[in-house]
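User: Can you walk me through this one? I'm new to reading structures.
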Amino acid sequence: MFKWLHPYAKSENLYRLSGKFLFWFGWLGFIGATVGTIWGLAFTPADYQQGDSFRIIYLHVPTAMMSMSGYLGMAIAAFIGTVWQQRHADMTVIAIAPVGAVYTFLALFTGAVWGKPTWGTYWVWDARLTSELILLFLYLGVIALYYAYEDRRSGARAAAILAMVGVINVPIIHYSVVWWNSLHQGATVTVFEKPKMDTSMLWPLLINIVAFGLLLGAFTLMRLRNDLLMKEGHRPWVKQVLEGKS
Amino acid sequence: MNPRRKKRLAATLAVLLGLGVAVGFVLFSMTQNIDLFYTPSEIINGKNETGVKPQIGQRLRIGGMVLPGSVKRDENSLKVRFDLFDQGPLVTIEYDGILPDLFREGQGIVANGVLTGPSTIKAHEVLAKHDEEYMPPDVAEAVGKVHPNGVGNKAEGQNGGAY
């Protein structure tokens, strides 16, 4: 069943394939994020209630959504790494972790900046905010565990277990505003329902969500490719690649 | 799949499933502790599932809608009183301080304070809650949601009727 995947278990092939993906993810993500952000910040109408301060949604929602998707991706990679002992999966886990941590931090930071003018406070210990903070700690924990061992394989095992266990937090973040009373409002954009946002404001948000997702992929691939070159520095294909570029 | 992988797969899935169930139970039993606030009817009648009522003197948060026409301000200070409602019962909030920009009649708010009587709370913090609907002012006007004083006003306690 996995026959067609097997060639990519070779580092050299994975390096070349990810290079092609990186090109498209990087450029589409960059263009999308530029267009979406400028459109959202400068060309959408102000909100009837919050005025201009609602515009930070164009950074807050994409980073928050992608911090959760990134974690899900990391957990899936950790699962593959644990069950099939696939070493590229372990490398993917540690490639995603710091990128996801930065996204989570940005989501928390933009949320705090948004909370002050609208709610009247930077921070409140409500279920949504607290669970997103735990997500940041999970990301940092995965990074810390990975580098805590002398032997990278033991580190990867430990980090993978934490990554898999922590995935329970992702549905908790998502449903926190449904299950409990919270200061944070419900989801604006959901898969199954009509978005609760005027169409004139919605497009830049959707563009930014997709673009931030592509950028998450691009940053992850960059880190993965670096890691591949570092770990296999003595192999002939790495020499070929490096000589070909310089 | 070879037997070793099968074993690892089974062990991993079992651990994840067990952990999921455990966390589920913990969250279920902590439901009312995770709630950020009581609603006015929960203050009067107790929590829905457990019937637990807050005691007088207890520190708590309350969340509800500001009853239009109930905001009374003191002429010479920042003191303000207003009623909160959700479905039926009213709870009066007393507050001395600066209200957030989004505070207005009909708006959802969350107040942090001490229960001083069966249905009065002395708040030391008032936060505004907003919903997940965003629209430009002209659209809001068309669907009858706009506030007469426009964007970013401070609730004056004198404008009613347009909610």
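Predicted model: local features only at pLDDT ≥ 70, side-chain atom pairs only at ≥ 80, totals over all residues.

User: Where does Thr188(A) sit?
Analyst: In a loop of chain A, between H6 and helix H7 (199–231).

User: And what does Thr188(A) touch?
Analyst: Leaving out residues up to four places away in sequence, Thr188(A) touches Ile57(A), Pro195(A), Lys196(A) and Met197(A) in chain A, plus Glu132(B) and Tyr134(B) in chain B. A polar atom of the Thr188(A) side chain lies 3.3 Å from the backbone oxygen of Glu132(B).

User: Which residues of chain B does UniProt mark as "binding site"?
Analyst: The unreviewed UniProt entry puts that feature at His130(B) and Tyr134(B). Such annotations may be inferred rather than shown by experiment.

User: Where is His130(B)?
Analyst: His130(B) is in the loop between strand E6 (120–128) and helix H4 (137–142) of chain B. Tyr134(B) is in the loop between E6 and H4 as well.

User: Why do you call Tyr134(B) buried?
Analyst: Because its relative accessible area is 1%, and buried means under 20%. His130(B) is also buried, at 4%.

User: What is around Tyr134(B)?
Analyst: Setting aside neighbours within four places in sequence, its contacts include Asp47(A), Phe54(A), Trp114(A), Asp198(A) and Met201(A). The side chains of Tyr134(B) and Gln185(A) make a polar contact of 3.2 Å.

User: Which side chain makes a polar contact with that of His130(B)?
Analyst: Gln50(A), at 3.0 Å. With sequence neighbours within four places left aside, His130(B) is also in contact with residues including Trp119(A), Leu102(B) and Gln107(B).

User: Switching topic. What is chain B built from?
Analyst: Four helices and six strands. Along the sequence, the pattern is α-α-α-β-β-β-β-β-β-α. Chain B has 163 residues, and 39% of them count as buried.

User: Now chain A. Where does UniProt put "transmembrane region"?
Analyst: The unreviewed entry gives several stretches of chain A, including residues 56–80 and 92–113. In the model, residues 56–80 are 96% helix and 0% strand, with end C-alpha atoms 36 Å apart. Residues 92–113 are 100% helix, and their end C-alpha atoms are 32 Å apart.

User: Which residues of helix H6 in chain A are buried?
Analyst: Helix H6 covers residues 169–179, and its buried residues are Asn169(A), Val170(A), Ile172(A), Ile173(A), Ser176(A) and Val177(A).

User: What do they pack against?
Analyst: Helix H2 (57–83) and helix H4 (127–148) of chain A, together with helix H1 (3–29) of chain B.

User: Which residues make the nonpolar surface patch?
Analyst: Among them are Phe23(A), Trp24(A), Trp27(A), Ile31(A), Trp39(A) and Trp203(A). The patch is about 1300 Å². Helix H1 (residues 11–43) of chain A gives the largest share, ten residues. Phe23(A) lies in that helix and is partly exposed, at 46%.

User: Last one. What is the phi of Gln85(A)?
Analyst: Positive, about 50 degrees, although Gln85(A) is not a glycine. Gln85(A) lies in the loop between H2 and helix H3 (87–118) of chain A. With a relative accessible area of 30%, Gln85(A) is partly exposed.

Terms used. Residues numbered from 1 in each chain as written. Chains lettered and ligands numbered in written order. Heavy atoms only, no water. Patch = residues over 30% accessible without salt bridge, like charges linked within 9 Å, V, L, I, M, F, W, Y side chains within 5 Å. Areas by Shrake-Rupley, 256 points an atom, 1.4 Å probe, with all protein chains shown as cover. Salt bridge = Lys/Arg side-chain N within 4 Å of Asp/Glu carboxyl O. Helix = DSSP H or I, 4+ residues; strand = E, 2+ residues; numbered from the N terminus. Buried < 20%, exposed > 50% of the residue type's maximum accessible area, 1.4 Å probe, protein only. Contact = heavy atoms within 4.5 Å. Polar contact = N/O pair within 3.5 Å; in protein donor to acceptor, adjacent residues only side chain to side chain.
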